[in-house]
Every structure is written in structure tokens, then in C-alpha cells.
Amino acid sequence: MPGMNASRPSVSTAFLDRLEAQTQATMAAAEPPSTPFAGAPKADRSHLTATVEEAAGELHRIVRTLHADPEVAFEETRSAALLAEVITNLTGAAVQTGAHGVPTALRAEVATAGFDPQRHRTVAVLSEYDALPEIGHACGHNVIAATGVGAFVALARLISSGSSQVEGKVVFLGTPAEEGHSGKEVMAAEGAWEGLDAAVMTHPYGYDVVDVLFIGRRLLRVTFTGQPAHASAQPFQGRNALDAASLAYQAIGLLRQQMPPSDRVHAVITDGGTRPSIITDSSTMQLYVRSAYPETLLDLSARVERIMHGAAMMTDTSVEVEWDHYPPSLPVRGNLTLGAHWARSLAERGREVLPAGVVPDVLAASTDFGNVSVRVPGIHPMIAVGTPDQALHTREFADAAGGPRGEAAAVDGAIGLAHSAWDFLADDELATAVAQEFADAGGPLDPATYFA
Ligand SMILES: [Zn+2]
Ligand SMILES: [Zn+2]
């Protein structure tokens, strides 16, 4: 909080206004995504839609209950319990809590009678349900929770009805701790993403858009160690670790001018000493390092690390560089072939889904779904909950996510995910094209070893 006499600076919105105008112009000219593939039989798609509509009351209850009772990363016990309860009540499927090594993670699965992993495909539907400290569900994960549950319920009930010829397996994965963590990568160590052919989820946003840029992110902790001394009596006997952090901080600022435009480095100095009269002998920095591609994230990581060593050298201190206290998140590799099926389904709900590239890349953040999307083909489309001027992680967005717009998005999103997943199981040509796009984008990557 600013002090008594301090006031916050006023910040021009001129650039944001330009971006908004540019987005509006691109939107007006944009063609919605389209697909050449038939997907699932019409009767199956109608069955899925009808089931989600029947379950709408329960999906609304998830949206409202989580919103009123937000739980932060790794502490989502009541949220996870509610999701498990709704799934079991509506499908009879057993839900495992504490799946894949995370106490608040969930897993359930349903397969068709003749399921054979050699011949049939498996698709996962994901829910997130963690909130932000203080501002609650300002990222709308209460809506994500409901979309995943709604989709899984519809898919499971279509399978149990026996009315479809389509074969395959559907897995529900409740994935905790997206905010500031990488819960999905923690789950990866316990096999969450093995045996899958595709993974689908959606995220609330200001627009309906099939794909936006989510850049990769690594966390870096740096400790400089110097020599303490009396800052007045014998400063020449000291080696100043705060100077090292200060130089590193300045050098990051200079580095920014020579970075690719979508790269980001943010730093804070979390420990800079104790008393002005003591030369600081230990200082600590924390940094986020972000980039749009795995290989550019690797390159940026090396440049930042060299800055830290340079700052230590200039100040005659030593440095310890610790990467990725939480697992790194790679950029999201959205599968546009499958995304087009999401767009087709949302269009049936009266939403016009924008193609990839409409939202300026400069507005990018990061998500742990990136690590899923480089292991298996995945979609992470955005569904309109707020208005275009409402940014994620604000109180305004939290209000929208907990209200009628959040409830409507939960139903439409669940239908979109159910249709996309079932289309993928049903249509061999679609599935081949999805796998081809994934292979063309570089094939599978293992985030756990990529930066090693
Ligand atoms: Zn968020
Ligand atoms: Zn989010």
C-alpha cells in the first residue's frame, strides 16, 4: 500500500486502447475456424448436448459454490470433493481423489465395452479449480471446473447408454494448482499424461477464441554471497551481495532491449540485507523467465544465467543459481485441427469463435497446460465470460465468473469439450490429422528433461 503522502501514478491506457481497436478490426475481418472432418454422428452430438443441458443445474452449482468458497493451489479439498460428488451422482463412475501424487487431484474413467488400447483412442477432459489469494476466482477456474465435469458426465452417460457405435475411453482429470504452480507437471511424474491420445480443456476469457498465445515460464532463484563488513569503518573488507543483485537487476533491464518481443523476464530482490551499516553478505532474487517457444525459452534461460554469473564476477561475490523450484511450463501448443471442432460446437450455441491470431500475442501469460500440450495433442480454447475490457486476475473478472455469464459458459463449454472429445474418438481421419499437426509441431517433448 502506498504511504500516507504517496499516491499511485496515473497510467495511460493509450497502448491498450490501440490494441483493443486493432483486435476489433482483426475480429471484424476474421473467418471463424472451420473443419473438413465430419466428427461424431449427429445423434451422438445431440445426446451429449441434451445431457449437459439436463445437468445444467449441477454445473451452475459448481460455478457458484466454488466462487463463494475459493481455495488456493494444493488446498482445493472442498472443491475437489464437490466435483467428485457431482460426477459420481450423475454417472455412477468412481472418482479417485489424490490421483497422480497430488492430494486434491481427481481421476475417473469410462470406456466402451470393447475398448482395446491398441485399436481405440483415449481422450482426457480436464478441470482446474484453484483460486487466487485474496481475489478468489478471478481467473474463472470455477467455470473450468464445471466445464470439465459437464463434458465428462455427458461422455460417460453416452457410453453407458449403449446408443453409440463409437468406441474409446474418456478420462476425467481434476488438475489442482495452476496459479503460480504447475500442478499438471507434478501429476506428470505419476503418469497422468500416459496412455492418452488427446487432452481437452477450456479457459474463461473476454472473448470466444479458439487459441491464444500462452508462453512458457521458468522460475529462477538466485543467491549472491559476499563478505560482511562494517559499512563505515571497514567497507573495503566487505564484498557486497546487494550490489551483485542490483547489477543483475539492471542488466536484466538492458537485456530486454535485445530479447524477442514476446519474451519476458521479471525480477524481484527478496533479500537485500539487514542494516545500512552492514555490507550485505547475502542477497536473493526471484525471477520468472518466459518465452513463446521451447527453444527460445532455453536460449533466454542461458542468457539470464550468464548475467547472474557476470554480476557475481563484477562484485567479487559468488552466486548460486537454482532453476525451477516449481516445474517449468512450456508454451501451449494448441491443436487447431481439433480446435476447429470446438469452434463448430460453440457456433451451435450461438457463440462465434474467433480464429487463432486475433488476440495480440503481446498479451500472453503462461499455464501448466503447456506441458500437457507438448506431450499429447491438446486444445485450450478460451470462452467468453467477461467482456473484452475485463482482464483475467481482476475483481471485475471474478464477478463475471461467479455470475450468469460464468454459468452460461460452463454449459456451452461443457458441450464444446464433450463434442470435441467424442469427434476425436469417432472420426479416424480427424484423429490422424490431429496427430499429424502435433508431429509437424515437433512431436512429443518431455518438459521434465527438456531443460536438464
Ligand atoms: Zn490465472
Ligand atoms: Zn487461469
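What volume does the second largest pocket have?

Reply: The second largest pocket holds about 530 Å³. This is a predicted model, where local features need pLDDT of at least 70, side-chain atom pairs count only at pLDDT 80 or more, and totals for chains, interfaces and linings use all residues. Residues are numbered from 1 along each chain as written, chains are lettered from A and ligands numbered from 1 in written order, and side-chain values use heavy atoms, without hydrogens and water.

A pocket is an open set of points on a 1 Å grid where a 1.4 Å probe fits, with protein on both sides within 12 Å along at least five of seven lines. Its volume is the space filled by probe spheres set on those points.

The lining has 26 residues, each with an atom within 4 Å of a point. Nearest the centre are Leu213, Tyr293, Val332, Arg333 and Gly334. Two helices (DSSP runs of H or I, at least four residues) each give at least two lining residues: α8 (294-315) and α13 (428-440). By class, 15 lining residues are nonpolar, 6 polar and 5 charged; Tyr counts as nonpolar, Arg as charged and Gly as polar.

Two domains, with bounds from an automatic or database assignment, share this lining. Domain 1 (30-214 + 332-450) and domain 2 (216-323) each supply at least three residues.

Compare the largest pocket. It holds about 1000 Å³ and has 43 lining residues. Of these, 21 are nonpolar, 12 polar and 10 charged. Helix α1 gives the largest share of that lining, 5 residues. Both domains contribute to the largest pocket, so it lies between them.
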